[in-house]
Amino acid sequence: METKNLHSVAALFDTPEKIINAANKVKDAGYKKFDVNTPYPVHGMDKAMGLGQSKIGWITLFFGFSGAIFIFLFMGWTMAMNYPYVVGGKPFFSFPAFIPITFEVTVLSGSIATIVGMLAVFFNLPSLNDPIQDSDYLKQVSTDKFGILIQAANEKFDKEKVVEFLKSLGASTIEYIYEPEKEEFKILQPKFMVFLALVAILTSGGTYVTLNKLMYVIPFNWMDRQSKSNPQSETTFFHDGFAMRMPVKGTIAKGFMPYPYQGQAQPNEVLSNPTLPTKEILELGQRKFLTFCSPCHGNYADGNSRLRGQFPPGPTLHSDKIIGYSDGMIYNIITNGQNAMPSYAYQIPREQRWAIIDYIRVLQRAQNPKPSDFQAISQLKKESGKNVVN
Amino acid sequence: MSSTEIGYIKRDLPDKLKTLGVILLAAGAVLGLLGFLIDPQRAVFSYLAAFLFLVSIGIGSLFLVALEYAAGADWSTPFRRVSEFFSAVIPFLLLLIIPLLFNMHNLFSWTHKNIVDGSELLKGKTSYLNIPFFVARSIGVIFIWWIFYFFIIKNSRMQDTSKDQALTGKNIKISSGFMPVFALSITVIAFDWLMSLEPSWFSTIFGVYFFAGTIWCALAALTLTVVLLNENGFLHSKITTDHYYTLGVLMFAFTAFWGYIAFSQYLLTWYADIPDETIWFMHRWVGGWKVISILIVLTHFVVPFFYLLSYKSKTNAKKLKFIAVWIMCSHFLDIYWMVMPSMNLNGFQYSFSWMDIVYPVAAVGFVILLFKSLSKKYNLLPVGDPKLKRGLDFHL
Amino acid sequence: MNIDYTKELALVEGNPRLADIDELISRPLTQPVTKKYYIALSISGTALLIGVYSLWLTLYYGIGMWGNNVPVGWAFDITNFVFWIGIGHAGTLISAILFLLRQRWRTGIARFAEAMTIFAVMTAGIFPVIHTGRPWLAGYLIPYPNQHLLWPNFISPLLWDVFAVSTYFTVSLLFWYMGLIPDFAILRDRTVSKVKKTIYSVFSLGWRHSNRHWRHYEKVYMILAGLATPLVLSVHTIVSFDFAVSLIPGWHTTIFPPYFVAGAIYSGFAMVMTVLIFVRKIFDMENLITLNHLERMAKVMLLTSSMVAYSYLMEFFIAWYSQVPSEQYDFWARVVGPYRWAWYFMISCNFLIPQLIWFKKIRRSVPILFIISICANIGMWFERFVIIVQSLSRDFLPSSWHMFTPTLVDFGVLTGSFGLFFTLVLLFAKTLPVVSMVETKSVLEGSQPHHYNDDHNGEVGAGHANITAGVGAALNGGKNGN
């Protein structure tokens, strides 16, 4: 036994009064490194041991307020700056509405920091290899005894004297606590490596299964399967086998306008362009022209098809014949189709067809400008001081 | 257990207090009378604020007394007498309410027949908001308070000489019965004298809101008095910083409670944004009131909250005195803020009047005088109370 | 009436020694499991399985399995959520608020109540998640920079709920665990089994009962109590905001926050009482969880029940006073409308029956208290049902009025929530000390030094310190001072 290093001398007392008294005396005798172990906090012990007020509250204060400031600014930033959108007519920066979450985060960060700070920083826990672990002394103070422990590291420590001193204070038992033998923990133990491998396999496997299998299983599969029929599919529910239903005979779609000129070559005497070539209309026409017409007729309506022979190229729209067409005629062609060109009635609403025609007229004019157009352009150039892009 | 055994020696408070009380009360009363002659409307509004401040001190203190009995608390027994003295305001409220009852036309728009007839909303409320019922309620509530005050205080004072433990038991029963009565009656007072100033407005939490401020103010009055008395040796040497600390914690708790209730009321009104409800806050956000509204958030919550957070300010006598005075002032400001904007509902511009100061000064003088005269007659410590020893020995 | 007011009521009866406390409290952990326990566990387990099956049906087929339908979009799901969150409030109330109020009688019931808080919040947490229909997408409630560049809506009370409930759960768990650390150390030092010792050692973190630790420990307990007190208020306040910020008649009242908190404490105390009445009987802990404890809990129930009743009254009065027709109708419909039976349940269980507690005989009769506590739980469930379902079923437009009819799956999920809660409670009662050993020891008669009182007392204290120093010096000279 004597070969071991003595860590401390521990003494047990029977009553709280005795331990308070003992702590007082030990403190007064000038020992610095001593501790009192009691089954529960004994009132007045801090004073007897000469300990001041705990400073741990500062941790709470600091982390609590840091959390509060962070989350408040964060909410302000997300709601008013990063992605502002109106909810319930409230202002983007809704001060009162931010208070509840600010409060919750204050409490959360404050209490987590306090507990973690207390255990890890103040107590240096978890630590299972303190010398008094597993000693009879600790078992006794765990239950009903009150212990005091004077460390050998004290300056004026003298084993015999300390024992005598503690006995004089009324100690019922004295115990010697020895430093534990040093143990070495190797990191490259086979058990640990197996554990690491297991963790790696479980994590990667779990991720794989979740992302590639589980997410495709009902009900996690993003409502992939629902008790409804998809368009164009079969069903046994209806006797004709079609999932899609025909509208009731005589149904008229909302906004439907009959087009009675199908098949007529020249409906120009009844159809006239209802739109005015304003900037908005022309821009709309340009967009729709580029979407629907330009693949075959070319971006400038010059027949320079973008399909490069995969489909018969459309004719140029700058021929005299087409320039001579009335608006109603072109409208009729877009609506019904002509030769290889199919009908666009379902893709392009009425107003947009007229807008396209307006835009075609612009393109035609641009190919055959009049002198007055040049004058107008140079006038514009002067006014803006810039080059007008045509 | 005799008083010598407890270690309490009764001493009279200095006569300076009496002089101070008389001066404040007399000056306040004379100027206040003048105010009623010059501008009765302004005077009655200012008077109402001071009156409700007195209600706060009186009924709040009686509540603290009853709470101590009902909860079986012992730490506050050594200064229960202080609260008892403050609650002696209650019987006088019956007298002090008279100027208000005679000036109801200046206070309440719902007393004007032409206004009520012009509003469907007010017409629907006439079965509650009519003068006879209103007067009956006000008088009745104060009268009920008086009854409870009378019995609780009588038993407490009797115990000083008889040392009869059964009296404590009796008071516990009376106090428990007082609790529901108190909750309802203070709500009636808050609804009648504050909410009905703007008769179209309503808020279910309003009674709780007034309650929170009331108890807060009564606690501050108690703390201030206890610290002052104890410093000058009128109480007991065993009253330590641990007692102070508990008082400080309670003030802190009620600061937070008031903040919680006030925020709940504001947030729910703000969020739902119904014109019927927001109107009350709108009146307190225009015409110069905005500054006072923000000031209330600061003085009534932010400052006391952070001030009382530290251990030192809850145990240091000087700091406690400061915050107690602060709290009473901000509670008065709160009442003022609830009362005054209703004076002229159509775009009331905030303007200060000397009358706003006169009535509260008179009220303070009155309380000091009352306290002084009662303390001469009765012990400052409930020397016969069986819990007193436990209370004096109280430690954290 | 022969109560001696000069003394406090004894907190622990039978005058046990310190060691007896350890023995008594840790006995259920070491004794073999009895048949009764298995029966109880199988009942709660069955209920849990019913819940799991109902939940599976809900997730597989969708929320359509429930009775919810426009306009009653919230029904059993949110009712259960508010109910269980409410149950959870008692634990923190007992451990934090009563701690701050220096009500030392809390020691006997605090641990159990805290555990019930955690289990109740766990149970409650399920409901808002499943009522979204696709709970596996709940991760989007967390504000993280996701690929959709979307943040949660911080202005919504529903998101406040997410923060409030998760904070509440975390802090309650920490608080509970912190209280358990010294008890784990006691168990570690008592046990002879090696496996158990390892487990207890890990959880006790190597606690040494050192006073240099106790002083911080006590301070932290105080701080956490201080933080948990407003937290517990805020949680149910925010739950009430879910309703009160809206315009629905019956939902939009400013008294909702304190009203909900009072109701939560009421139901929580009722549940704690229900369970503790069994626990003290089964585990022979009648000396630790005494009749005085039950009486005081009953008083708290009476207080909170009265606060709830006050709120009912205010709601009704202001509904009339406000002269808003839809509000007036809604409250009138509670009394005479199609859901009046729920309202009658609520009023009688939450207001009328608890009035019995005014009588001392009833306060001290365990069977009657048990019945009252069961009634309180039923009443509080119906209160939430009335608030949620009744208000939604009668909103502004009579054309959209619609009744809610629960389905079997609704009841299954409700049963399952009870199953989960009681299964966890049963497992807890068998694996961890149900009463705090350390705290019980510290309030035993004679467990604190007598002369302590003089220590703090200004001048006397200073004098005492001098004397102590003097005696200390004398003792160093070899005299025995005892």
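Biologist: What makes helix 12 of chain B largely enclosed by the rest of the structure?

Modeller: A residue is buried if 20 or more other C-beta atoms lie within 10 Å of its own, exposed if 12 or fewer, and partly exposed in between, with C-beta atoms placed from the backbone. In helix 12 of chain B, 24 of the 26 residues are buried, so the helix is largely enclosed. The model is predicted: local features need pLDDT of at least 70, side-chain atom pairs count only at pLDDT 80 or more, and totals for chains, interfaces and linings use all residues. Residues are numbered from 1 along each chain as its sequence is written, while chains are lettered from A and ligands numbered from 1 in the order in which they are written.

Biologist: How do you know where helix 12 of chain B lies, and what span does it reach?

Modeller: Helices (H or I, at least four residues) and strands (E, at least two) are DSSP runs numbered from the N terminus. Helix 12 of chain B covers residues 206-231 and reaches 38 Å from its first C-alpha to its last. The expected span is 1.5 Å times one less than the number of residues, and the value for helix 12 of chain B is close to the 38 Å expected. Gly233(B), with a positive phi near 75 degrees, follows this helix.

Biologist: Why is helix 3 of chain B called roughly antiparallel to helix 5 of chain B?

Modeller: The axes of helix 3 (residues 40-71) and helix 5 (residues 89-96) of chain B come within 9 Å and cross at roughly 150 degrees. Angles under 35 degrees count as roughly parallel, over 145 as roughly antiparallel, 65 to 115 as roughly perpendicular and the rest as oblique; helix 3 of chain B is therefore roughly antiparallel to helix 5 of chain B. The residues that meet include Phe51(B) and Leu54(B) in helix 3 of chain B, and Val89(B) and Ile90(B) in helix 5 of chain B.

Biologist: How many residues of chain A are in contact with chain C?

Modeller: Two residues are in contact if their C-beta atoms, placed from the backbone, lie within 7 Å. On that basis, 71 residues of chain A are in contact with 65 residues of chain C. Helix 4 of chain A gives the largest share of the side of chain A that touches chain C, 17 residues.

Biologist: What makes Gln232(A) exposed?

Modeller: Gln232(A) has 8 other C-beta atoms within 10 Å, and is therefore exposed. Its phi is positive, about 70 degrees, although Gln232(A) is not a glycine. Gln232(A) is located in the loop between helix 7 (190-213) and helix 8 (279-297) of chain A.

Definitions and conventions:
Axes fitted to C-alpha atoms, helices over the stretch in contact; angles between N-to-C directions.
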